[in-house]
Amino acid sequence: MKIFKGFTLAEVLITLGILGIIAAITLPVITQKIDKLITVSKLKKSVATLNEIIRLSEKDNGEVWEWDFPGTANENYDRNFIESEFFKKYFEPYIKIVGKCKGENIQSAAYPIYNIDWGVRSTIWSWIILPDGTAIGIFNNPGLESEPGGGYYMWIFIDINADKKPNMLGKDIFIAELVRNKRIVLWGSSVKNRDGLINDKYHIYSCTKGTNQQYAGGYCGALIQADGWEIKDDYPW
């Protein structure tokens with residue numbers, strides 16, 4: 001049976017079948033590539049946004065190293081950090097917030113954050129939503145005054161798609177920090193070589209699968225940045 005000149009129905013069906021197989025093979029690859037590009041774009045934008053917030057705040061409040069960082073860790077304070085005086089003074093006036101989430105305890109105001117091996121690491125206790133749908137969670141984490149201007153710092157969790165899945169380090173959640181003498185940097189930015197980001201000394205923050213550490217995947221944002229804001233083929237996607 002001829003369905004149009006030159007081709008039989010069988011030939012057309014075979015051709016369509018071949019095209020379907022090709023599409024089934026190539027479409028996931030293309031989709032993954034697009035997802036990676038979107039991830040990199042959102043992460044890069046988030047880091048730039050946070051640094052712009054710091055820059056604007058410094059105009060009114062002096063340089064970061066002069067800020068009145070909380071001196072001690074306090075669980076309740078951390079869980080409701082967006083209501084803290086520090087946040088209200090140094091962050092809130094310089095950022096457009098379209099949503100907030102906080103609660104009285106870890107169960108009522110958080111969603112789980114998984115490490116890169118699908119192990120539950122922690123929760124976002126109090127966070128803000130930016131106009132582009134990014135969630136920012138900030139936690140006080142005082143450190144040691146090991147150098148002038150150093151010491152107390154903030155952990156900043158960047159969730160590029162808020163509470164949408166997978167909520168995983170290295171996939172849609174990345175960790176940055178605000179340090180007195182560093183401004184906003186991604187976890188691992190001080191590591192000197194690429195291999196150190198993939199296999200850090202104690203494999204605690206490595207951007208690699210299989211370590212099953214609490215913070216596994218913590219260095220993934222820094223790896224993307226070190227690779228020129230690109231997710232390369234060896235990235236544990």
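Modeller: Helices (H or I, at least four residues) and strands (E, at least two) are DSSP runs, numbered from the N terminus. This is a predicted model, where local features need pLDDT of at least 70, side-chain atom pairs count only at pLDDT 80 or more, and totals for chains, interfaces and linings use all residues. Residues are numbered from 1 along each chain as its sequence is written, and side-chain values use heavy atoms, with hydrogens and water left out.

Colleague: Start with N212. Where does N212 lie?

Modeller: N212 sits in the loop between α4 (194-198) and α5 (220-226).

Colleague: Is N212 buried or exposed?

Modeller: Buried means under 20% relative accessible area, exposed over 50%, partly exposed in between (1.4 Å probe, protein chains only). N212 counts as exposed because its relative accessibility is 58%.

Colleague: Which residues is N212 in contact with, leaving aside its neighbours within four places in sequence?

Modeller: Contact means heavy atoms within 4.5 Å. With those neighbours set aside, N212 is in contact with N115 and D117. N212 and N115 are 97 residues apart in sequence, yet 7.8 Å apart in space, C-alpha to C-alpha.

Colleague: Now the backbone. How should I read phi and the peptide bonds?

Modeller: Most residues other than glycine have a negative phi, and most peptide bonds are trans. Look for departures from that. W118 has a phi near 70 degrees, a positive value in a residue other than glycine. W118 is in the loop between β4 (112-114) and β5 (120-123). At 52% relative accessibility, W118 is exposed.

Colleague: Which residues does a cis peptide bond join?

Modeller: K165 and P166, with omega about 15 degrees. P166 is in the loop between β8 (153-159) and β9 (173-179). N167 lies in that loop between β8 and β9 too. N167 has a positive phi of about 55 degrees, although it is not a glycine. N167 counts as buried because its relative accessible area is 6%.

Colleague: On to β8. How do I read its faces?

Modeller: In a regular strand the side chains alternate between the two faces of the sheet. In β8, Y153, W155, F157 and D159 are on one side, and M154, I156 and I158 are on the other. Both faces are covered, and 7 of the 7 residues of β8 are buried.

Colleague: How many bridges join β8 to β9?

Modeller: Two strands pair if DSSP finds at least two bridges between them. Here 7 bridges join β8 to β9, and the strands run antiparallel. W155 stands opposite E177 in β9.

Colleague: What do β9 and β10 form?

Modeller: A hairpin, with 3 residues between β9 and β10. β9 and β10 (residues 183-186) pair in the antiparallel sense over 4 bridges. A176 stands opposite L186 in β10.
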